[in-house]
Amino acid sequence: MSIELQAKAESAVEFPRLNRALRPSAKAPVRIVHLGLGAFHRSHQAWYTHQAGDAADWGIAAFTGRRPDAALALAEQDGLYTVVERGDAGDSFATVSSIVEAVDGADVGRLTALVAAPATAVITLTITEAAYRLRADGSLDTGAADVAADLALLASGGGYPTTPLGRLVLALAARRAAGAGPLAVVCCDNLSNNGTVAHNAVVGMAGAWDAGLASWIEANASFVSTSVDRITPRTTGADVEAVQAACGYRDSSPVVAEPFSNWVLSGDFPAGRPRWEDAGAVFVADIEPYENRKLWLLNGAHSLLAYAGQLRGHTTVAEALADPLCRDAVERFWDEAEANLPAGELGIPAYRAALLDRFSNARIAHHLAQIAMDGSTKLRMRAVPVLRAERAQGRTGAAAARMIAAWMDHTTTADELSDPLAGEVAAANRLTGTERIRALLALVDPSLAADGPVVELVEDLCGTFGERAVSP
Ligand code: CS2
């Protein structure tokens, strides 16, 4: 550490005291409500909002999911935090002030009050792919224990829901009752057609409670589809120290992200929106090609590296990509994906080259274990569409099938499987041989489980990144 930085670190002041001076004279009014206050929201949507030309008009009230911790820590700092852009060559630091309220997600009373306020124009969501509680066929799983419990609770009118969907539906009911008018719901989770997914989940939940509310949501909520991109690993203690050393203040909640960021949106904003385009967001009529490019090439490669890489003993994306066996599997998967993306304006060769650079950024310690979570849901967006498209072309889809096989191996070797279908996965893993493969495949996509050659192919590909964990 330089003498100058050392001196700064020694005289570190508390973040709120220092930054009260940095916050623009008045806090922006709450016009955006966010569900899923985590590192990615802070490095992406809040960062875009902070940089919009009309940022002074657009404050965010951000709610956590299961735990209050992130909200408590951020509230201590008046919502202010540091974004550390970590490139190959070094770090740069910026303070973000768009979050004007950080709230424990359990405070559903505050959520309903804010969603019911006429000033609120936009609801953004980063609640994780798995939280939409969709069955493999795309409909809401009303039998999922937490969804069923929330529906019973909504019906009885006693107490607050615990799922993000349940909380959002209750808040939208309050907006309807208040006559506060239409608004936009912007899904920022990595799902294909994420606006439609959010629509189906929210309207599905509302309809199972109150048909009138479901119709009101249909008529008044515009579900915007987006493709979101910025690699944002979990913040570590070392990141907190790095901010203190470089900036001279103690920020308990900095967020580290790669310099690259991308946001493509498609849909209407009936009550207005910030000028996110000032920060580089792009508005398009047809989002599908952008979504597929990102979900298949970036997220698909991430999942492949997460499972193959851990089976090969690696910890981070950069380490896994440096392993020729993993790198080759990624390139083959990208070839299959590229064959099913429109050539031309998407610039796939340049996108692939840029991804190799982004994944190789060893200064970003992006942990494979973080990416490996919720595999049964993620593979539906990342491997299945490519495998199906390849099969439809009369090809095997072996590279996409290999990602699924690596996930199957991972389910028996991981210390603890974090997956919404962990119980079903464990049950499938008690079977043996082809029966086991078919049962696991059915959790990801029932139609693939019914496709004999795919089952056989996946079975053959199990064990190719490491020891076969369960003998056939
Ligand atoms: C990752 C994503 O954890 C994961 O599943 O693939 O979070 C990925 O880092 C982001 O989508 C990058 O934009």
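Arg250 is partly exposed, with a relative accessible area of 32%, and its salt-bridge partner is Glu241. This is a predicted model, and a search through the whole of the structure turns up 25 salt bridges.

- Side chains of opposite charge can pair when their charged atoms come close.
- In the pair of Arg250 and Glu241, the N to O distance is 3.2 Å.
- Glu241 is partly exposed too, at 42% relative accessible area.
- Another salt bridge joins Glu101 to Arg110, with 2.8 Å from N to O.
- Here Glu101 has a relative accessible area of 21%, which makes it partly exposed, and Arg110 is partly exposed at 32%.

**A salt bridge between separate parts of the chain**

- Arg388 and Asp445 form a salt bridge in which the closest N and O atoms are 2.6 Å apart.
- Arg388 sits in helix α18 (residues 384-392), while Asp445 sits in the loop between α21 and α22 (446-449), so this pair ties together parts that are 57 residues apart in sequence.
- Are the two partners buried or exposed, or something in between? Arg388 counts as partly exposed, at 43% relative accessibility, whereas Asp445 counts as buried, at 6%.

**A salt-bridge network**

- Salt bridges can also link up into a network, as they do for Arg327, Glu331, Asp335, Glu338 and Arg352.

- Cys187 is buried, with 0% relative accessibility.
- For Cys462, the closest cysteine sulfur is in Cys326, and the 16 Å between the two sulfurs is again too far for a bond.
- Cys462 is buried as well, with a relative accessible area of 3%.

**One face of helix α20**

- Helix α20 covers residues 422-429, and Val425, Ala428 and Asn429 are its buried residues.
- Looking down the axis of α20, you would see these buried residues fall within an arc of 100°, so they line one face of the helix.
- The general rule behind such a pattern is a handy one to remember: an α-helix has 3.6 residues a turn, so residues three or four places apart point the same way.
- What do the buried residues of α20 pack against? Their neighbours are α19 (398-413) and α21 (433-444).

How values were computed: Residues numbered from 1 in each chain as written. Predicted model: local features only at pLDDT ≥ 70, side-chain atom pairs only at ≥ 80, totals over all residues. Heavy atoms only, no water. Buried < 20%, exposed > 50% of the residue type's maximum accessible area, 1.4 Å probe, protein only. Helix = DSSP H or I, 4+ residues; strand = E, 2+ residues; numbered from the N terminus. Arc of directions from axis to C-beta. Contact = heavy atoms within 4.5 Å. Disulfide = S-S within 2.5 Å. Salt bridge = Lys/Arg side-chain N within 4 Å of Asp/Glu carboxyl O.
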